[in-house]
Amino acid sequence: MIPKHILGTFDEALTSLRNDLLMMTGLTERSLDRAVKGFLQRDDDLCTHAIADDEEIDQLEKQIDKDGFEILLRFQPMAGDLRQVVSAIKLSPNIERVGDQATNIAKRARKLNQHPPLPEVQWIVPMQQHATLMFKDSIHAYVREDLELANSVCGRDEELDEMNRKVNKKLTERMIEDRDQLRGYFNLILIARAFERIGDYAQNISEEAVYATAAEDIRHQGRTAAV
């Protein structure tokens with residue numbers, strides 16, 4: 001719940017900012033879901049819809065950035081209020097980058113759909129499930145101010161990195177063994193990489209959730225933040 005403030009207009013501005021952030025999150029989750037289904041179900045239409053979502057996500061990021069800085073200049077909030085505004089400004093680029101990765105997955109999936117299915121797609125399914133859950137949990141941690149959930153997301157990134165290394169190694173071996181499927185395996189490597197990056201952005205979001213809720217900066221504790 002957003003606490004009441006002396007300036008009601010600040011309440012309204014902060015609520016609007018959070019609502020835009022939640023709308024952006026919902027669109028990104030939808031885009032990622034469409035991209036994943038388009039990839040796994042070999043559905044070009046879903047891939048196309050996932051790609052089309054990206055423009056609206058980008059526009060929301062710009063709006064959040066603009067409104068957030070206007071709030072800072074107009075109201076000069078302090079303490080917890082300041083953290084809420086700053087966190088929204090810092091969260092939106094990470095959410096937008098998840099949308100970018102959904103677009104990348106959808107584009108690569110459409111290329112794969114032009115050729116016979118590769119059984120190696122199943123190697124990526126555990127990564128997809130892991131990354132998608134990390135992203136959803138990171139958003140829930142922020143919205144619910146759940147420090148335990150936020151910290152748990154941060155602890156899952158190394159596992160996803162290891163999964164990506166193993167998949168990359170196996171697909172590289174396939175590329176050497178079967179030159180006819182070279183492009184297909186390469187597209188799978190890039191899709192796996194996209195899921196790995198989604199995990200990085202989910203960790204960034206969780207770190208911001210901790211900062212917004214507890215005023216604690218846990219970035220760079222044993223890892224390098226995603227760029």
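**Helix packing and the nonpolar core**

The axes of α6 and α7 come within 10 Å of each other and cross at roughly 175°. With an angle over 145 degrees counting as roughly antiparallel, α6 is therefore roughly antiparallel to α7. These values, like those that follow, were computed from a predicted model. On the α6 side, the contact is made by Asp157, Leu160, Asp161, Asn164, Val167, Asn168, Leu171, Thr172, Arg174 and Met175. The residues of α7 that meet them are Leu182, Tyr185, Phe186, Leu188, Ile189, Ala192, Arg193, Phe195, Glu196, Gly199, Asp200 and Gln203. By class, the contact of α6 with α7 holds 11 nonpolar, five polar and six charged residues.

Helix α7 also packs against α4, at an angle of about 20° and with the axes 8 Å apart. Angles under 35 degrees count as roughly parallel, and α4 and α7 are therefore roughly parallel to each other. The crossing of α4 and α7 is left-handed. In α4, the residues in contact are Met127, Gln128, Ala131, Met134, Phe135, Ser138, Ile139, Ala141 and Tyr142. Their partners in α7 are Ala192, Phe195, Glu196, Ile198, Gly199, Ala202, Ile205, Ser206, Ala209 and Ala212. This contact of α4 with α7 divides into 14 nonpolar, four polar and one charged residue.

A further helix pair is formed by α2 and α3, which pack at an angle of about 165° with their axes 9 Å apart. The two helices are therefore roughly antiparallel to each other, and their crossing is left-handed. The contact of α2 with α3 comprises 15 nonpolar, five polar and nine charged residues. Threonine 103 is found in α3. Its relative accessibility is 6%, so threonine 103 counts as buried. Apart from neighbours within four places in sequence, threonine 103 is in contact with Ala50, Ile51 and Asp54.

The largest nonpolar core contains 62 residues, of which Leu32, Phe39, Ile105, Leu188 and Phe195 touch the most other members. Two or more residues of this core come from each of α1 (8-40), α2 (44-75), α3 (79-112), α4 (125-144), α5 (147-154), α6 (157-177) and α7 (182-214). The most is given by α7, with 14 residues. For isoleucine 105, when neighbours within four places in sequence are left aside, the contacts are Leu32, Ala35, Phe39, Ile191, Ala194, Phe195 and Ile198. Among the residues of α7 named above, Leu188 and Phe195 meet α6, and Phe195 also meets α4.

Proline 126 lies in helix α4 and, at 40% relative accessibility, counts as partly exposed. Its C-alpha is 8.3 Å from that of methionine 163, although proline 126 and methionine 163 are 37 residues apart in sequence. Leucine 147 is located in helix α5. With a relative accessible area of 33%, leucine 147 is likewise partly exposed. Leucine 147 and alanine 214 are separated by 67 residues in sequence and by 8.0 Å in space, C-alpha to C-alpha. Residues up to four places away in sequence not being counted, leucine 147 touches Val210, Thr213 and Ala214.

Note on methods. Residues are numbered from 1 along each chain as its sequence is written. This is a predicted model: local features need pLDDT of at least 70, side-chain atom pairs count only at pLDDT 80 or more; totals for chains, interfaces and linings use all residues. Side-chain values use heavy atoms; hydrogens and water are left out. A nonpolar core is a set of buried Ala, Val, Leu, Ile, Met, Phe, Trp, Tyr and Cys residues joined through side-chain atoms within 4.5 Å. Buried means under 20% relative accessible area, exposed over 50%, partly exposed in between (1.4 Å probe, protein chains only). Helices (H or I, at least four residues) and strands (E, at least two) are DSSP runs, numbered from the N terminus. Contact means heavy atoms within 4.5 Å. Axes are lines fitted to C-alpha atoms, for helices over the stretch in contact, and angles run from 0 to 180 degrees between N-to-C directions. Angles under 35 degrees count as roughly parallel, over 145 as roughly antiparallel, 65 to 115 as roughly perpendicular and the rest as oblique. A crossing is left-handed if the near helix is turned anticlockwise from the far one by less than a right angle, and right-handed if clockwise. Ala, Val, Leu, Ile, Met, Phe, Trp, Tyr, Cys and Pro count as nonpolar, Asp, Glu, Lys and Arg as charged, and the others, Gly among them, as polar.
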